[in-house]
Amino acid sequence: MGDRTAFRTCPLCEALCGLELTLDEAGAVTRVRGDEKDPFSKGYICPKGATLGSLDGDPDRLAEPLVAGEVSGWDEAFETVGRRLAEVVARHGRDAVAVYIGNPTAHSIAGPLYGSAIVKALGTRNLYTASTADQMPKHVACGHMFGDPLAIPVPDLDRTGHLLMLGANPLESNGSLASAPDFPGRLKAIRARGGKITVVDPRRTRTAALADEHLFIRPGTDAFFLMALVHTLFAEDLVTSAEHLAGRVNGLDDLRALAVDFAPEDVASVTGVGAATIRRTARELAAAERAAVYGRIGTCTQAYGTLNSWLVDVLNTLTGNLDRAGGAMFPRPAHAPVYRRKRPFTTGRWRSRVRGLPEVNGELPVATLADEIETPGEGRVRALITIGGNPALSAPNAARLDRALAGLEFMVSVDPYLNETTRHAHVVLPPPRPAQTPHYDIALTGLAVRDYARYSPPAVPLPEGRPSEADILARLAVTASGTGADPARLDEMIIRATLEKAVALPGSPVLGREPDELRKMLDTGTLTEQRLDMMLRLGPYGDAFGGEPALREEPGGASGVTGLTLTRLRTEYPHGLDLGALKPRLDEVLCTTSGRIELCPSTCAADVDRLRSALRDPGTSGGMVLIGRRHLRSNNSWLHNVPELVRGSNTCTLQLNPADADRLGVAAGDTVRVTSRAGALEAVAEPTDTIMAGVVSLPHGWGHDRPGTRTRVASRHAGVNANAVTDEQEIDPLSGNAVLNGVPVTLEAAR
């Protein structure tokens, strides 16, 4: 037969790049190139995507389940899971079982479809995810402002003329909560059309170096800077009365009153950004014809994470750029129905047992997972299910959580590797290789800077008897429920419930029709594909099950398409479907109690008191602080076993300003000891003037020196874990997000 070609979306980050895979007769990926026919990525590829073949063929990937460290059959593995979970629940109750869902599940079709089913099957309130180490402040802020925590505005990069970025380094990360293939090219295009990019960051990152202006800022002080921008807009009468937002905004006067105490002159010494610069930045933002403010992980993973996330969209609203072309807009994913009945956002429906931390988005902060495992008493976590995560490295004070995992009665992990977390698991259930896995970005197309859809069928068939990732998660859900049901019944139940709801809800494109009729029309593929087909047909571009077509011809959009189904997406658009530039859709999104944008939610307003107190009494803010950093060849902890990605500049060094290095008496290559309340580590010094004085930086996701793992390449390039010194006691109170940036530390030259 010879080599053949397959096309798919890259599953390794949020950029949604299309890939062209070359496979040999045995199904091994021999070459990876960018898919030039993909209408979104247009052939762009980064170093991570280029190594998908190495990841796919990694000899350290698990092919069969492990039970007590030994290779097992699938039936035996699931029998063990069912028996051991049932024993824990019988002795200690349902909340004694916790679930942790990691970052990679967002890059799959199975994770979003089946993760919540596992939690519901267990009936536990102990759900933890990577969101509270990453992005939960944005969900909370958007929930309070717009009523929906998933309604996250993204910068309309392709049409904006002025971009203000904080805590983001998309030239290294490829973007986050703003899915954009070739983010660097899109930024260069802003400048090429006469626009301006301003980056606010404690480091002169690759993104900052590309920008027109870079403002150094003291880590953890973004909220002061943002509030000073708000102050300036009000003080200088620069707030825009945008016609499309008229009558849609509550809380303008309350916000004005809150901002009074944050004049640029008052925050300059805290932030390190001069008052004149702050005022000029606000004026430029207000004067720009089309502008967007974009804040990412650096703004979320700090003590004022929710205030930062809130103020970013406050600025987009005050300048009239929310829900406007070239501003911050809400994507319209093809699979998400617009007729959903939504309830206004709330938090704190339950609290964690030990620290009393409020639930947010149905989950508890990962910063308190170790508390729940270690602390005796009723409701103590005795068993854990992890899905695609590595919290033994990624959680704050990871060493404590690592020790806690060793004390669990039972642990099961869905993961392709025996890594720092799964080495503690009594059962490991490995999903198939990427080339054997279908792909549709359920989570990430809802954050894309251009409406887009693409389905990638498996490039390589599964061996007989080898379950798909969806099969594994569905079987885990029914196993956890203890019912012994056929996993296929789970999908059927979800399909039936969705169709029954769809035919009854006002605004639905299938209102009044018969669920049985619609069920017979679904795709003939796997149950996962049938569920996806159902979602697309009910979505804003769908065929409404043969009813009135929803997808119209639009400039720059998908010309000639009259209605979307999975069959059409798969056969007519194998390289992806461009659904056009983002469109205003505030009316579809808003579901606050008032039906308006809540510009000054009471929860955020109350937390400003904490900000105001810190402004009056900055305390010991002059000490050294630690921040993280991204590498283009890295993605958290899960790509360090690919040889091509641990070469060159992708090194785990401690960056520090030359003045701080001189004060410590260390040079490049020397070892520095970093100490915090939570712990200590030793790292190799890398003096550089790209980082401001008083700040040190370590990349995230390293520390592959634990015994019992099976990641040989990563072990040879172990690095050190920055979360050895982050503090699980420090969180953003509104979201529960861990504080991983601006961590107070002391430094000394290691003996």
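Visitor: How do the residues lining the second largest cavity divide into nonpolar, polar and charged?
Guide: This is a predicted model, where local features need pLDDT of at least 70 and side-chain atom pairs pLDDT 80 or more, while totals for chains, interfaces and linings use all residues. Residues are numbered from 1 along each chain as its sequence is written, and side-chain values use heavy atoms, without hydrogens and water. Ala, Val, Leu, Ile, Met, Phe, Trp, Tyr, Cys and Pro count as nonpolar, Asp, Glu, Lys and Arg as charged, and the others, Gly among them, as polar. The lining of the second largest cavity divides into 9 nonpolar, 2 polar and 3 charged residues.

Visitor: Which residues of helix α10 are buried, and which are exposed on the other side?
Guide: Helices are DSSP runs (H or I, at least four residues), numbered from the N terminus; buried means under 20% relative accessible area and exposed over 50%, with partly exposed in between (1.4 Å probe, protein chains only). In α10 (residues 252-259), the buried residues are Leu-255, Leu-258 and Ala-259. They lie on the same side of α10 because they cover an arc of only 95° around the axis, taken from the directions from the helix axis to the C-beta atoms. On the other side of α10, the exposed residues are Asp-253, Asp-254 and Ala-257.

Visitor: What covers the buried residues of α10?
Guide: Contact here means heavy atoms within 4.5 Å. The cover includes α9 (222-235), α14 and α24 (602-616).

How values were computed:
Helix = DSSP H or I, 4+ residues; strand = E, 2+ residues; numbered from the N terminus.
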